[in-house]
Amino acid sequence: MNRRAPASGIRRYLNAVNLGGLAIVVLSALPLYWMIASSFKGPGEISAAPPSLVPEAATFGNYAEAFVRNGIGRYLLNSVLVASVSTVAVLGLSFFAGYALARTPLRGRGAIMTTLLMLSVFPPIALVVPLFLLERQLGLLNSYAGLIVPYVALNLPFAIWIMRNYLVGIPRELEEAATVDGAGPLRTVLTVIAPLARPGLFTAGIFTFTATWAEFLLALTFNSEDGHRTVPVGIALFTSQYTVPYGTLFAGAVAATVPIGVLVMIFRRSIVSGMTSGAVKG
């Protein structure tokens, strides 16, 4: 009896954990399902009470309204361009900066890492006015560069922190072996270290791409022309003074969510590997 009691308690604990995890998954997925289902509903069905969980008369009219009349396709292309260029720039800079922090004996390395974390959580709203004035003087308003430059600056500290923590776990012996084989420092970093750091790069890349894709405040402030607007700003402008087209908003939100979901599904294993490595390695 004494031996069965602990086993029974462990079993109940695991069942409770499983139920709790299932409840979290359901609560997290419910808003996503509601968004997708509502994107296929007509205006009357969306505002009906009580609401229907499944569209009674599914329609693609909301998507046609979002892409044809409101031009969300252009906003998607703008977001893809801005987020992709920003992510590539952040990964290139953070990889070499993280490698330097991981391999170079620096004084005050802990202070540098703490500063990087502090900068990564610095509120962008505090920088809107000075950045706006600076970009106006440089002529960067209403341009892709006007978004890419601040996005790189804001996302670089956290990416450096991720890359440094991941690169610390790569054995130095691999670099020494490459040096013995005649490889120079740059070749060693690019051909030996970079392939091994791929999970960390994927993790930093996903965080950067998601942050730039969903960013709203800077995109709204720095771009007033429709040709350079990104998805979050474009969807926000679907509404008018007197009407709120909920169906079109839901359709636009689904279109904006799909690229992020696809990236996460493709690179999910690399993301988890990079996150766990960065969490346990100092």
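1. In this predicted model, the helix α4 residues Leu 76, Ser 79, Val 80, Ala 83, Ser 84, Ser 86, Thr 87, Val 90, Leu 91 and Phe 95 meet Leu 201, Ala 204, Gly 205, Thr 208, Phe 209, Thr 212 and Trp 213 of α10, where contact means heavy atoms within 4.5 Å and helices are DSSP runs (H or I, at least four residues) numbered from the N terminus. The residues of this contact divide into ten nonpolar, seven polar and no charged, with Ala, Val, Leu, Ile, Met, Phe, Trp, Tyr, Cys and Pro counted as nonpolar, Asp, Glu, Lys and Arg as charged, and the others, Gly among them, as polar.

2. The axes of α4 (residues 72-103) and α10 (residues 198-214) come within 9 Å and cross at roughly 140°, the axes being lines fitted to C-alpha atoms over the stretch in contact, with angles from 0 to 180 degrees between N-to-C directions.

3. One cavity of 30 Å³ or more is counted, and the volume of the largest cavity is about 30 Å³; a cavity is a set of points on a 1 Å grid over the protein atoms alone where a 1.4 Å probe fits but cannot get out, and lining residues have an atom within 4 Å of a point. Grid points are joined across faces, edges and corners, and the volume is the space filled by probe spheres set on the points.

4. Among the residues lining the largest cavity are Ser 79, Ala 83, Thr 212 and Trp 213, which also take part in the contact of α4 with α10. To this lining α4 gives the most, with three residues, and the lining divides into six nonpolar, three polar and one charged.

5. Residues are numbered from 1 along each chain as its sequence is written, and side-chain values use heavy atoms, with hydrogens and water left out. Local features need pLDDT of at least 70 and side-chain atom pairs count only at pLDDT 80 or more, whereas totals for chains, interfaces and linings use all residues.

Definitions and conventions
Helices (H or I, at least four residues) and strands (E, at least two) are DSSP runs, numbered from the N terminus. On a 1 Å grid over the protein atoms alone, a cavity is a set of points where a 1.4 Å probe fits but cannot get out, and a pocket is an open set with protein on both sides within 12 Å along at least five of seven lines; lining residues have an atom within 4 Å of a point.
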